Amino acid sequence: MTAARELLVESGSDSAVTLRAIARKVGIAPPSIYAHFDTPDQIVEAVVTETRSLLVRHLETARAGADDARERLLADCHAYLVFGAEQPELYALLFSRPRPRGSSTTEERIDQAVRQLAPIVGEPIASQLAPAEAFSILLRDVADAMRDGTSHAEDALATATALWAALHGLILLRASIPRFPWPPPGPLEAEIIGRLAYLHDPGPR
């Protein structure tokens, strides 16, 4: 998996992940891999699953020290942007492959997320959103900010979706057009997040 991850980062494409290429990096014979994975696609999917878990842990760590819903929401968004900037190839891979269904681990995560999101957006919508664990965190924190009055948004799902789309677009644009005269990250992020999340001004500037 480490070799596959390196191939993905070096090439920017999962087509570079072949059994022969992995074996060459690891220094083993290609048939040895069959003791662990049947196809290159299984290896890539394992890397995707690991990356998704890393993203979720990154967000959870960032928001853990926040004192209130507003700070947790800001920490979510900033951590999401940092992860995408530091891992652009792996981040892009998260959204270029269909989500697997059927494994017990995946189904357990989906069921857990549905239970957490259902009170916010309703059971039918939660069932569709649950696989995006990072989005689930963002949605919960938007809803919390609405409840404590630090956000005057009226629809948690619409607001979280707008935030997610903006953050995702900013990550991809920065990666694909690095020579664009981007404004400093801090003020730009604050402007995007503050406007889309309808955050109340915390005080005089």
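Let's start with two helices: the axes of α3 and α8 come within 8 Å and cross at roughly 25 degrees. Angles under 35 degrees count as roughly parallel, so α3 is roughly parallel to α8. Keep in mind as you look that this is a predicted model.

What do the two helices bring to their contact? From α3 come Arg 52, Leu 55, Val 56, Leu 59, Glu 60 and Arg 63, and they meet Glu 133, Ala 134, Ile 137 and Asp 141 of α8. Sorted by class, this contact has five nonpolar residues, five charged ones and no polar ones.

First, a step back to the whole chain. Of its 205 residues, 37% are buried.

Now for the nonpolar side of things. In soluble globular proteins, nonpolar side chains tend to be buried together. Here, the largest nonpolar core has 47 residues, and Ile 22, Leu 73, Tyr 80 and Leu 163 are the ones with the most contacts inside it. Two or more residues each come from α1 (2–11), α2 (19–26), α3 (40–64), α4 (69–86), α5 (88–94), α8 (133–147), α9 (156–176) and α10 (185–196). Which helix gives the largest share of this core? That's α8, with eight residues.

Setting aside residues up to four places away in sequence, Leu 73 touches Leu 138, Asp 141, Val 142, Ala 145, Leu 163, Ala 197 and Leu 199. Notice Asp 141 in that list, a residue that also turned up where α3 meets α8.

So, is Asp 141 buried or exposed? Asp 141 sits in helix α8 and is buried, with a relative accessible area of 0%. Beyond residues up to four places away in sequence, Asp 141 touches Arg 63, Ala 69, Arg 72, Leu 73 and Asp 76. Side chains of opposite charge can pair when their charged atoms come close. Asp 141 and Arg 72 do this, their side chains meeting in a salt bridge (3.8 Å, N to O). Since Asp 141 belongs to helix α8 and Arg 72 to helix α4, the pair ties together parts that are 69 residues apart in sequence.

Asp 76 is in helix α4, and at 1% relative accessibility Asp 76 counts as buried. Leaving out residues up to four places away in sequence, Asp 76 touches Leu 59, Arg 63, Ile 137, Leu 138 and Asp 141.

What about salt bridges elsewhere? The count comes to 11. One of them pairs Glu 191 with Arg 195, where the closest N and O atoms are 2.3 Å apart. These two are four residues apart in helix α10, so about one helical turn separates Glu 191 from Arg 195. Glu 191 is partly exposed at 41% relative accessibility, while Arg 195 is exposed at 60%. Salt bridges that share partners also join Arg 63, Arg 72, Asp 76, Asp 141, Asp 144 and Arg 147 into one network.

Sequence neighbours can pair up too: the side chains of Glu 71 and Arg 70 meet in a salt bridge (3.5 Å, N to O). Glu 71 counts as partly exposed at 35% relative accessibility, whereas Arg 70 is buried, with a relative accessible area of 17%.

Last stop: back to α3, where you'll find Thr 51. Thr 51 is buried, with a relative accessible area of 2%. Which residues does Thr 51 contact, leaving aside its neighbours within four places in sequence? They are Phe 83, Leu 90 and Leu 94. Thr 51 and Arg 5 are 46 residues apart in sequence, and their C-alpha atoms are 9.5 Å apart in space.

Definitions and conventions. Residues numbered from 1 in each chain as written. Predicted model: local features only at pLDDT ≥ 70, side-chain atom pairs only at ≥ 80, totals over all residues. Heavy atoms only, no water. Core = buried A, V, L, I, M, F, W, Y, C linked by side-chain atoms within 4.5 Å. Buried < 20%, exposed > 50% of the residue type's maximum accessible area, 1.4 Å probe, protein only. Contact = heavy atoms within 4.5 Å. Axes fitted to C-alpha atoms, helices over the stretch in contact; angles between N-to-C directions. Parallel < 35°, antiparallel > 145°, perpendicular 65-115°, else oblique. Nonpolar A, V, L, I, M, F, W, Y, C, P; charged D, E, K, R; others polar. Salt bridge = Lys/Arg side-chain N within 4 Å of Asp/Glu carboxyl O.
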